[in-house]
Structure formats: C-alpha cells, structure tokens
Amino acid sequence: MAALLEIDQMSKTYGALLAVDALTLSVEEGEALAIIGPNGAGKSTMFNLVTGDVRPNGGHVHFQGSDITGLAPHLRSRLGIGRSYQIPHPFTNMSVYENLLVGANFGGRMAEQDAYQYCAEVLHITGLSDKANVMARSLTLLQRKRLELARALATRPKLLLLDEIAGGLTEHECNALVETIRAIHAGGTTIIWIEHIVHALLSIASRLVVMNFGRKIADGDPHTVMNDAEVREVYMGIPAA
Ligand SMILES: Nc1ncnc2c1ncn2[C@@H]1O[C@H](COP(=O)(O)OP(=O)(O)OP(=O)(O)O)[C@@H](O)[C@H]1O
Ligand SMILES: [Mg+2]
C-alpha cells in the first residue's frame, strides 16, 4: 500500500538560496513523525510544499496515492491535510468559535449543524472553551497558538502538520499540549510535528527526521538519530570526535 504522504525529490529556491533541496520523505498512515533542524533549515518550507502554500521548483508530492503537486491549497485541505502556521494566521475580526466554523465548513466540508457540535468539541480539546466568543485579534500569542491547532483540527485532517506550536509555553502548558497531541494521534490522525523542544517531540514521535540546509541529514528511530555524529554536530554543536 502507498504511504499516506510521499515527498519525492522536492526543491524550493528563493533566488540563489536552496530552501529545500531535493527532499524525499515518506510518512505512513498513523505515524507520528518529529522534525528538527537549525533555524532556516527548510522545515516550514517543506510544510508549505505539502500544503501548496508555495510551488516547488522541482519534485512531486503524493497524498493517499494521488499526485497533488499542482493542487490548490484549499483542495489539499479538503483531501485531509491540515496545518498550523508557525506565525499564527487567524481571521482576526472573527471570534475564536467562528474561526473554527470556517475551518469545519470550508476545509472539513462539514454540514452546518455538525460543525457547531464538532467545533465546540475542538474548543474543549484545545482548552479554548472560555474564549469561544472572544475576537481572535485580542488573544495573546499563546492563545493564538492554541487557536492555530484548533483551526487545523476543525478541518478534520487525516494528516496534521504542526509547526512550532509549543515554543514559549511553560513546562506545565507544554505537558498539557503534549497530552492533547497524544490524544489526537491516538484518535487516528497522522502527525508531523516540527518543534525545537526535543523532549516534547520525542514523548509522542516514534520517528525523527533532522534537516539542515534544505536536506534531510537523518531519518529513523529517535534514539539512533539523536546519537548520530552529524546530528550532534549540526543540532547540538557537539564536535565529531
Ligand atoms: N518567502 C521567502 N522568501 C525568501 N526566503 C525565504 C522565504 N521563506 C523562507 N525563506 C528562506 O528559506 C530558508 C528556509 O526557511 P524556513 O522558514 O523553511 O526554515 P525553518 O527550518 O522553518 O526555520 P525556523 O526554525 O527558523 O522556523 C531560510 O533561509 C529562509 O530565510
Ligand atoms: Mg520554521
């Protein structure tokens, strides 16, 4: 059976910069994959290639066996690819609840009655119930990050791409977020999570990919990858012996 997501030799350049350099990556249904790498490694750009936010200079992406390389972002959302943005992108002049309803109606293609119920559940899961009627523009950054997760969930994704949603959280908040993500994964959603907080990532993920200069430099079991000499040098600044 084909993998849920297959990125095949994808590249993205910005002028002379190779942000993503012939990246090949495949993710099976039900996996929880963690991605780390230094700032500017091309992690968010990789997500943008999967969601269609940017067009590749080369390569292909398949989702559930279909080539989606040329597909518009909203159609990829309807196929079941949901994402949170590193810099939150809410509809600022709508309430938190309305933000979710938009996701459920247009991304998740849910009937109106079902959407009300489902979005109330998403508010509960993401700890935003008491903010339901607050305008998104008046949320704090941390609340906006929660809203990013909630907006992605509202589309009922099969594949959920999380881009640095835990940065800046207290340890207690981070633990709560990890439990939320664990529950989402246990519910059957495939997850790719980019984060710099490695212990949070590895409490969920069974596989770890490391990127550097647009390339994948390691991919596999987290313990093995974290002990890889190149990873230790690039990511932790530990010189190779
Ligand atoms: N729209 C853009 N225009 C020009 N350069 C860009 C653009 N988007 C990304 N880049 C560049 O592409 C490279 C990869 O950026 P990207 O945001 O994918 O990195 P990242 O791994 O997500 O980094 P971070 O950990 O800081 O979020 C960086 O050098 C960045 O400056
Ligand atoms: Mg990024």
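**Helices, sheets and a ligand**

Guide: Gladly, and let us start with a pair of helices: the axes of helix α3 (residues 96-107) and helix α4 (residues 112-125) come within 9 Å and cross at roughly 125 degrees. This is a predicted model, in which local features need pLDDT of at least 70, side-chain atom pairs count only at pLDDT 80 or more, and totals for chains, interfaces and linings use all residues. Residues are numbered from 1 along each chain as its sequence is written, while chains are lettered from A and ligands numbered from 1 in the order in which they are written.

Visitor: What makes α3 oblique to α4?

Guide: The axes cross at roughly 125 degrees. Angles under 35 degrees count as roughly parallel, over 145 as roughly antiparallel, 65 to 115 as roughly perpendicular and the rest as oblique. The α3 and α4 angle belongs to the rest, so α3 is oblique to α4. The axes are lines fitted to C-alpha atoms, for helices over the stretch in contact, and angles run from 0 to 180 degrees between N-to-C directions.

Visitor: Which residues make the contact of α3 and α4?

Guide: Tyr97, Leu100, Leu101, Ala104 and Asn105 of α3 make it with Ala115, Tyr118, Cys119, Val122 and Leu123 of α4. Contact here asks for C-beta atoms, placed from the backbone, within 7 Å. By class, the residues of this contact are 9 nonpolar, 1 polar and no charged. Ala, Val, Leu, Ile, Met, Phe, Trp, Tyr, Cys and Pro count as nonpolar, Asp, Glu, Lys and Arg as charged, and the others, Gly among them, as polar.

Visitor: How does α4 pack with helix α5 (residues 141-154)?

Guide: Their axes are 10 Å apart, at an angle of about 145 degrees, and α4 passes α5 in a right-handed crossing. Cys119, Val122, Leu123 and Ile125 in α4 meet Ala150, Leu153 and Ala154 in α5. This contact has 7 nonpolar, no polar and no charged residues.

Visitor: Now the strands. How do you know that strand β1 (residues 5-14) pairs with strand β2 (residues 17-27)?

Guide: Two strands pair if DSSP finds at least two bridges between them, and 7 bridges join β1 to β2, which run antiparallel. Helices (H or I, at least four residues) and strands (E, at least two) are DSSP runs, numbered from the N terminus. The two strands form a hairpin with 2 residues between them, and glycine 15 in the turn has a positive phi of about 60 degrees.

Visitor: Which strand holds histidine 62, the bridge partner of glutamate 6?

Guide: Histidine 62 lies in β4. β1 pairs with strand β4 (residues 58-63) in the antiparallel sense over 5 bridges. On the β2 side, glutamate 6 stands opposite serine 26. Isoleucine 7 likewise stands opposite leucine 25 in β2 and opposite valine 61 in β4.

Visitor: Why are β2 and β5 (66-67) said to stand at the edges?

Guide: The open sheet of 4 strands has the order β2-β1-β4-β5, with antiparallel pairing. β2 and β5 each have a single partner strand, so one side of each is left without a neighbour in the sheet. For β5 that partner is β4, joined by 2 bridges, with histidine 62 partnered by aspartate 67 and phenylalanine 63 opposite serine 66.

Visitor: What is the strand order in the sheet of 6 strands?

Guide: The order is β6-β7-β8-β3-β9-β10, in an open sheet with mixed pairing. Its edge strands are β6 (81-83) and β10 (215-220), each pairing on one side only. Strand β9 (residues 207-212) pairs with β10 in the antiparallel sense over 5 bridges, and leucine 208 has glycine 220 in β10 as its bridge partner.

Visitor: Which residues are around ligand 1?

Guide: They include Tyr14, Leu17, Ala19, Lys43, Ser44, Thr45 and Gln86; a residue is near a molecule if its C-beta atom, placed from the backbone, lies within 6 Å of it. The shell divides into 4 nonpolar, 7 polar and 1 charged. α1 gives the most to this shell, with 3 residues.

Notes:
Contact = placed C-beta atoms within 7 Å. Left-handed = near helix turned anticlockwise from the far one by under 90°.
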